[in-house]
Amino acid sequence: MIDKNQTCGIGQDSMPYMTCLIHLFEEWFGVEQLEDYLNFANYLLWVFTPLILLILPYFTIFLLYLTIIFLHIYKRKNVLKEAYSHNLWDGARKTVATLWDGHAAVWHGYEVHGMEKIPEEGPALIIFYHGAIPIDFYYFMAKIFIHKGRTCRVVADHFVFKIPGFSLLLDVFCALHGPREKCVEILRSGHLLAISPGGVREALISDETYNIIWGNRKGFAQVAIDAKVSYHKIR
């Protein structure tokens, strides 16, 4: 509680800054015991923080399926335009990229440093760390499409293509499951390609220190050599 005999000035009987600020707000808004309300709000935040952290992965999955639903709606509305346009999905990609980029900025304050290293045209191989849910790479793909206007192809594990409802999402964003020859062909055709050497093993075993778990996997390096392209590592 605030002692009304104290003042907000400097001296022996002066109140701490935050206590003084709360006292001023109480006078301005005509609310008593504002400090108690703030303490209660802080307590609720402490209680529900574990729940928020538990919900976050499920929210990411929800966002993925929301993206898929949007793509199906977009496909149905634009089916007649397919015969007249070579870039049927560009509008959908831009909308989805904007949605994910907004989520990245608001929820995580996500930023990309070194975007200038991604070429405006021509091939490049991008190497990234595979988290349990590689949401940072989803954000990165959105950044590339927004700032470079390019779709980054990505190598995905076979099981991803068996997840219900994911086929359209993987098709629109040009995911593939290899093999090495296909990766080389994509790069030689002038496209961007992303590979996570750690793959699912890294997603399941690695921890919050983000240690890469590549083992003896060197296929990505051979792809870069065969295609004669530069590669960029994302951490």
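Which helix holds H103? H103 is found in helix α3, which covers residues 90-108. Helices here are DSSP runs of H or I with at least four residues, strands are runs of E with at least two, and both are numbered from the N terminus.

The model is predicted: local features need pLDDT of at least 70, side-chain atom pairs count only at pLDDT 80 or more, and totals for chains, interfaces and linings use all residues. Residues are numbered from 1 along each chain as its sequence is written, and side-chain values use heavy atoms, with hydrogens and water left out.

The chain contains eight helices and five strands. Read from the N terminus, the order of elements is α-α-α-β-α-β-α-β-α-β-α-α-β. Of the 235 residues in the chain, 37% are buried. Buried means under 20% relative accessible area, exposed means over 50%, and partly exposed lies in between (1.4 Å probe, protein chains only). The accessible surface of the chain is about 15,600 Å². Carbon and sulfur atoms contribute 60% of that surface. These areas come from the Shrake-Rupley method with a 1.4 Å probe; for residues, only the protein chains shown count as cover.

Contacts are defined as heavy atoms within 4.5 Å. Among contacts in the chain with a separation of 6 or more, 65% are between residues 24 or more positions apart. H103 counts as buried because its relative accessibility is 10%.

Strand pairing was examined next. Two strands pair if DSSP finds at least two bridges between them. Strand β2 (residues 152-155) and strand β4 (residues 192-195) run parallel and are joined by three bridges. C152 of this pairing has L192 as its bridge partner in β4. β2 also runs parallel to β3, with two bridges between them. Here the bridge partner of V155 is L176 in β3. In a regular strand the side chains alternate between the two faces of the sheet.

The cysteines were then considered. A disulfide is a covalent bond between the sulfur atoms of two cysteines. The criterion applied is a pair of cysteine sulfur atoms within 2.5 Å. By this rule there are zero disulfides. C152 counts as buried, since its relative accessibility is 2%. C174 also counts as buried, at 18% relative accessibility.

C174 lies in the loop between α5 (167-172) and β3. The phi of C174 is near 60 degrees, a positive value in a residue other than glycine. K228 likewise has a positive phi, near 60 degrees, and is not glycine. K228 sits in the loop between α8 (219-227) and β5 (231-234). With a relative accessible area of 77%, K228 is exposed. A cis peptide bond joins G178 and P179, with omega about 0 degrees. P179 belongs to the loop between β3 (175-176) and α6 (180-188).
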